[in-house]
Amino acid sequence: MTDDTVAACGCPDFQTTRRTFLKGASAAAGAGVLTSMVGGVFTQTTFGAEAGGNVLVVLSLRGGSDGLSLVVPHGDADYARLRPTIKLPTNSLLAKDALFGLHPGFKPLEKLWLDGRFGAVQAVGMPTPDRSHFSAMEKVEDADDGSAARVGWINRLVGLSGTGVPNQAIQLGTSLAPTALIGPASAMSVYALRDIALPGGSEDPVFQRRTRNSLEAMWTGNDSLMGRAVDSTLTTTRDLAGVAGSTAGPHNGAAYPSGDDLGNALAQTARLIRADVGTQVVALDFGSWDHHENLGTVDAGDLQWMVRNMASCLAAFFTDLGTLGTRVTVVTISEFGRTARENGSQGAEHGYGNCMLLLGGGVQGGTVHGGWPGLRSAELVDGDLSVHLDYRSVLAEVIATRFPAVSVPSVFPGFQREAVGVMR
Amino acid sequence: MPPSRIASSALRHLLSRFSYGVTPTLVAEVETAGGGQAWFEQQLSPGGIPDRRAAGMRDWFPYLAYSPARLYEVNNSGEYPAWQSTMDLGRWTILRRAFSKQQLFETMVEFWSNLLHVPMYEDESWPLRISYDAAIRKHSLGTFEDLLTGAVLHGAMVCFLDNAYSTKWAVNENLGRELLELHTVGVEAAYTEKMVLNSACILTGWSVHMWDSWQSYYEPDNHWTGPVQVLGFTAANADADGRALARRFLRYLARHPSTARRIATKLAIRFVSDTPSPGLVNAVADAYLSSGTDIRATLRALHSHPDFASSVGAKVKTPAEDAIASYRLLGAEPSRPTNDSSFARAIGWQLDSLGQKPFGWTAPDGFPDVGVAWASVGRVLGSLDLHLTLAGGWYPSQDVAYPGVGARLPTLPARFDQIVDHASRQLLQRPATPRLQSACRQMLDIPADRQFARASDFGEWNMTLLLATVLNSPAHAER
């Protein structure tokens with residue numbers, strides 16, 4: 001985190017990962033969670049499902065992404081009026097129809113779009129606006145209005161998959177309480193895949209074996225909570241030794257952007273999926289998209305390189321996965337969109353309606369789904385794009401199509417979903 | 001030679017719950033104080049416990065003395081960013097837990113900070129977080145009524161939970177709701193949504209000059225007037241100055257039987273077990289209510305309940321407790337930090353990397369306090385790495401002294417099994433079990449009967465492995 005983030009907008013909290021996605025409950029249900037921090041990208045992966053099953057990758061665009069700059073409503077006359085300096089010219093957009101076009105930074109994913117494997121939903125969000133990063137993120141991740149349980153929808157998803165896989169499957173236990181506050185002096189070094197190993201790692205097998213033997217001498221048969229965690233650790237480090245210790249590069253000639261945090265996280269995710277260890281849900285935090293200033297234009301400013309980077313990473317991810325990609329669905333989510341009108345700093349403030357992007361297995365792509373409420377003043381909610389579709393309807397459709405064994409009402413209690421059509 | 005002395009099991013238990021690590025020095029202090037019961041009473045009055053060394057550590061972090069407005073200023077100017085000044089509070093807190101003689105007091109500061117949680121680094125309250133800590137400390141062993149009032153009306157809480165924006169025209173429910181749900185009665189009290197709104201209405205008017213002086217103020221023009229009802233609390237609320245009303249309301253909530261049960265349960269989970277018995281919760285709640293929310297009386301009831309004595313080893317150490325106990329047991333002696341790698345500063349990042357820097361939980365409900373939340377593979381890997389790193393003195397290594405190999409060994413010559421036993425007594429306050437002996441033999445690859453005549457024969461590397469193995473044992477994982 002840089003100090004000017006604080007000075008600029010006074011709202012750095014989205015960078016402190018607010019992880020209600022995965023905790024507690026999943027352990028009891030037989031799923032495990034692996035947490036890793038790759039550079040600035042916080043990743044959580046669940047295990048314990050059957051091998052060969054579908055995988056959901058939730059990419060959280062932390063900070064409140066500007067949906068109007070990602071899936072651009074160039075055909076709405078008010079778009080240009082509201083955004084005189086940061087609007088994207090129609091002729092710069094990709095895969096245009098009369099109303100929408102993609103930010104040019106999506107070029108690496110254009111083919112996926114044209115092939116119908118990449119699609120979007122516009123004007124989605126929570127049923128009521130919440131413009132605080134802090135509580136909006138919690139609400140989005142919790143997705144259970146009126147419950148104080150603070151469990152999180154992904155937790156409910158993995159807890160309810162009903163695969164009946166016992167704990168002895170790859171049980172990584174619950175995650176550490178997550179915090180991802182990053183300062184330049186940070187010793188943040190949580191678990192990249194290669195760190196899923198006992199001290200000594202693959203470089204010092206003798207040391208690692210002695211550590212294992214000494215732990216077994218003290219802990220074997222210990223049925224306390226920590227005893228079971230140590231047992232899981234010994235199992236996991238052995239079972240994942242091949243994946244963790246492997247230095248094999250990406251497959252199919254995939255080229256992730258060099259040294260990029262998101263690219264590294266996705267490359268590791270692809271390796272885990274390929275290892276077929278029962279990975280079911282992968283949650284990645286990627287940001288910051290909190291562009292209060294210098295959101296920028298087609299080829300300058302902060303947003304355009306982030307879009308390009310994200311698109312390059314995702315394109316490499318699907319290349320890397322190859323035919324396995326049909327099992328993997330990526331969905332983006334953000335705590336809120338940004339104000340329809342640009343501010344005085346070539347940026348936009350915390351807003352409301354946003355878009356979601358979906359890629360991969362089961363996606364009915366090549367088009368923008370959802371209704372378009374429009375950007376006329378009368379249609380805006382306190383100056384923001386209104387929400388035509390509850391974001392849970394999109395997630396529910398993904399879950400219903402990709403994880404048919406899961407009861408959707410159990411994941412989103414009390415929620416009546418609408419058909420979106422973004423999944424087949 | 002006779003093996004070194006250790007605490008009785010009962011004393012070890014008491015100290016493992018009300019201190020951050022049972023060291024030989026602490027055991028000796030308790031003996032001087034006249035035993036466990038006397039020590040416990042002494043600890044309930046921390047003002048009488050000399051604490052010069054830990055008190056001096058405050059000066060190691062000059063920005064802790066800055067006003068919220070100045071902290072904001074130095075952040076904006078780039079002189080000292082917010083992530084550093086707030087982390088300084090975390091660093092100092094870790095040092096207090098590790099080195100203060102007022103150990104029980106520090107456990108209560110942590111407990112209340114978690115119950116009335118304001119994250120260390122939250123966008124709209126961070127300049128006030130250091131001042132908030134002082135407010136918590138002021139009443140940590142006083143009454144909950146005073147503590148609650150001081151915390152909920154403090155600018156940090158008012159900003160964190162959006163009361164600063166809450167007006168009669170646009171009532172923000174955030175603080176009003178969490179006050180009921182998290183700070184006092186809990187959802188079991190079955191309040192209605194209308195009561196949540198009323199709770200928020202009562203609190204309208206309390207605000208802070210944000211992004212400026214960061215001073216708290218009260219604005220009667222913003223206060224919602226009209227009749228309010230929350231559980232059994234009713235008021236006409238006709239006066240635009242609702243300050244006295246808010247204080248009456250907080251007092252009512254502090255003394256509510258549901259609050260008593262909730263706090264009794266949380267205390268029992270913290271100090272006794274993850275699944276406290278109804279009898280224990282009732283006894284603690286009764287003491288809380290009959291004493292007028294007196295925290296010391298409440299703790300006495302908890303400590304004297306038979307469940308306390310019978311809960312030996314029933315709690316999982318959190319990662320932060322593991323790290324801090326390890327600092328204590330390994331005899332770390334930090335000195336004034338000179339850079340960000342110095343012990344007194346690096347410990348902030350060390351706990352951060354374990355997932356538990358002080359006040360680092362980002363949601364308003366505070367860190368989980370049950371073992372199931374912390375007994376995970378990630379945690380185990382983190383702890384294994386921590387123990388090895390600390391045992392070797394590898395990180396943090398600057399501006400800190402550790403005892404040498406000789407000081408950690410029994411009288412020489414000694415056999416390897418005697419060396420293991422000595423380390424177990426020093427670090428775990430108990431003789432080495434056969435399984436610990438076996439673990440150490442395997443880790444160090446040394447037979448039990450090998451004799452060591454000189455410290456240099458044993459060597460630093462073996463000592464590192466020995467200490468790490470002892471810290472990896474089940475006895476250290478629990479408290």
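A: Let's begin with helix α6 of chain B, which is mostly covered: 18 of its 18 residues are buried. Keep in mind that the model is predicted. You can check the length of this helix, residues 82-99 of chain B, for yourself: at 1.5 Å a residue, its 18 residues should span 26 Å, and the end C-alpha atoms are 25 Å apart, so the two values agree.

Now let's move to the loops of chain B. In the loop between α10 (155-160) and α11 (174-183) you will find D162(B). Its phi is near 70 degrees, a positive value in a residue other than glycine. D162(B) counts as buried because its relative accessibility is 9%, and the cut-off for buried is under 20%.

D445(B) also has a positive phi, about 55 degrees, although D445(B) is not a glycine. Look for D445(B) in the loop that runs between α24 (434-444) and β8 (451-452) of chain B.

Next come two peptide bonds to look at. Y395(B) and P396(B) are joined by a cis peptide bond, with omega about -5 degrees. P396(B) sits in the loop between α21 (377-391) and β6 (400-401) of chain B. Another cis peptide bond leads from L412(B) to P413(B), and here omega is near 0 degrees. To find P413(B), go to the loop between α22 (405-408) and β7 (414-415) of chain B.

Conventions:
Residues numbered from 1 in each chain as written. Chains lettered and ligands numbered in written order. Predicted model: local features only at pLDDT ≥ 70, side-chain atom pairs only at ≥ 80, totals over all residues. Heavy atoms only, no water. Helix = DSSP H or I, 4+ residues; strand = E, 2+ residues; numbered from the N terminus. Expected span 1.5 Å × (residues − 1). Buried < 20%, exposed > 50% of the residue type's maximum accessible area, 1.4 Å probe, protein only.
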